[in-house]
Amino acid sequence: MATLALESFLPYRLNRLASVVSLKFRAVYGPHHDLTVPEWRVLATLAQFGTMTAKAIGAHSAMHKTKVSRAVRALEERRWLVRSRSELDRREEGLMLTAAGLRSYAEIVPRALAFEAALLAELGPHAAPLLTALKRMEAGLLDDAPRPERR
């Protein structure tokens with residue numbers, strides 16, 4: 001029977017790294033703004049793209065709809081987010097940040113960029129090719145379209 005060492009198994013390493021980075025990054029926005037990870041993702045997604053539906057936010061940020069819903073409710077209670085009914089489909093709501101939500105986001109962004117810069121510095125001169133390879137890998141894994149057969 002074949003065995004593998006988790007310590008050198010790429011999927012395990014990537015998962016551990018993602019967990020640690022997410023936890024460390026929470027120190028950037030959590031203590032100052034008392035945000036959870038899903039709340040931060042909703043805030044950042046809306047700040048980047050403007051008005052979106054909860055479904056679109058979930059798809060973009062890879063979060064389950066219940067996490068998105070709870071985060072939206074929490075941000076709405078803070079008055080950082082407002083809902084608007086879609087004229088095309090009354091079942092859908094557009095979500096957008098308020099001025100207060102945008103101000104909070106603007107306070108977090110410089111710290112977020114500094115956090116990213118520190119991570120990139122750790123990677124050293126190989127950061128750019130590694131990021132390109134990771135983006136390519138992510139796109140390939142997330143692409144649901146059937147791939148043509150190779151001949």
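These notebook entries record what I looked up in one predicted model of a protein chain.

**Conventions.** I number residues from 1 along each chain as its sequence is written, and I leave hydrogens and water out, using heavy atoms for side-chain values. Since the model is predicted, I ask for pLDDT of at least 70 for local features and count side-chain atom pairs only at pLDDT 80 or more, while totals for chains, interfaces and linings use all residues.

**Entry 1: overall fold.** I began with the secondary structure, taking helices (H or I, at least four residues) and strands (E, at least two) as DSSP runs numbered from the N terminus. The chain has six helices and two strands. Along the sequence I read the pattern α-α-α-α-β-β-α-α.

**Entry 2: dimensions.** The C-alpha trace spans about 55 × 40 × 30 Å along its principal axes.

**Entry 3: burial.** I call a residue buried under 20% relative accessible area, exposed over 50%, and partly exposed in between (1.4 Å probe, protein chains only). The areas come from the Shrake-Rupley method. Of the 151 residues in the chain, 25% are buried.

**Entry 4: nonpolar patch.** For surface patches I kept residues with over 30% relative accessible area and no salt bridge, joining nonpolar side chains (Val, Leu, Ile, Met, Phe, Trp, Tyr) within 5 Å and like charges within 9 Å. Which residues make the nonpolar patch? I found L10, L14, L123, L130, L131, L134, M137 and L141, with a patch area of about 670 Å². Helices α1 (10-33) and α6 (127-142) are the elements that give two or more residues to this patch. The largest share is that of α6, with five residues. I then checked L14, which belongs to helix α1 and is partly exposed at 35% relative accessibility.

**Entry 5: positive patch.** I counted Lys and Arg as positive and Asp and Glu as negative, without His and the chain ends. I placed each charge at NZ of Lys, CZ of Arg, CG of Asp or CD of Glu. On the surface, R41, K67, R70 and R73 form a patch of positive charge. Helix α4 (residues 65-77) contributes the most to the positive patch, namely three residues. K67 is in helix α4, and its relative accessible area of 46% makes K67 partly exposed.

**Entry 6: salt bridges.** My criterion was a side-chain nitrogen of Lys or Arg within 4 Å of a carboxyl oxygen of Asp or Glu. How many salt bridges does this rule give? The count comes to four.

One of them joins R78 and D34, whose closest N and O atoms are 3.9 Å apart. This pair links distant parts of the chain, with R78 in the loop between α4 and β1 and D34 in the loop between α1 and α2 (37-49), 44 residues apart. R78 is partly exposed at 28%, whereas D34 is exposed at 55%.

R83 and E93 form another salt bridge, at 2.8 Å from N to O. R83 lies in strand β1 and E93 in strand β2 (residues 93-97), so the pair ties together parts 10 residues apart in sequence. Both residues are partly exposed, R83 with a relative accessible area of 36% and E93 with 25%. E93 also forms a salt bridge with R85, with 3.8 Å between the closest N and O atoms. I noted that E76, R83, R85 and E93 are linked in a network of salt bridges.

Entry 7: I returned to R78, in the loop between α4 and β1 (81-85). The C-alpha atoms of R78 and L95 are separated by 14 Å, the two residues being 17 apart along the chain.

**Entry 8: positive phi.** Most residues other than glycine have a negative phi. Where did I find positive values in residues other than glycine? A62 has phi near 55 degrees; A62 lies in the loop between α3 (54-61) and α4 and is exposed at 68% relative accessible area. R79 has a phi of about 70 degrees. R79 sits in the loop between α4 and β1 and is exposed, at 66% relative accessibility.

Notes. Accessible areas come from the Shrake-Rupley method with a 1.4 Å probe; for residues, only the protein chains shown count as cover.
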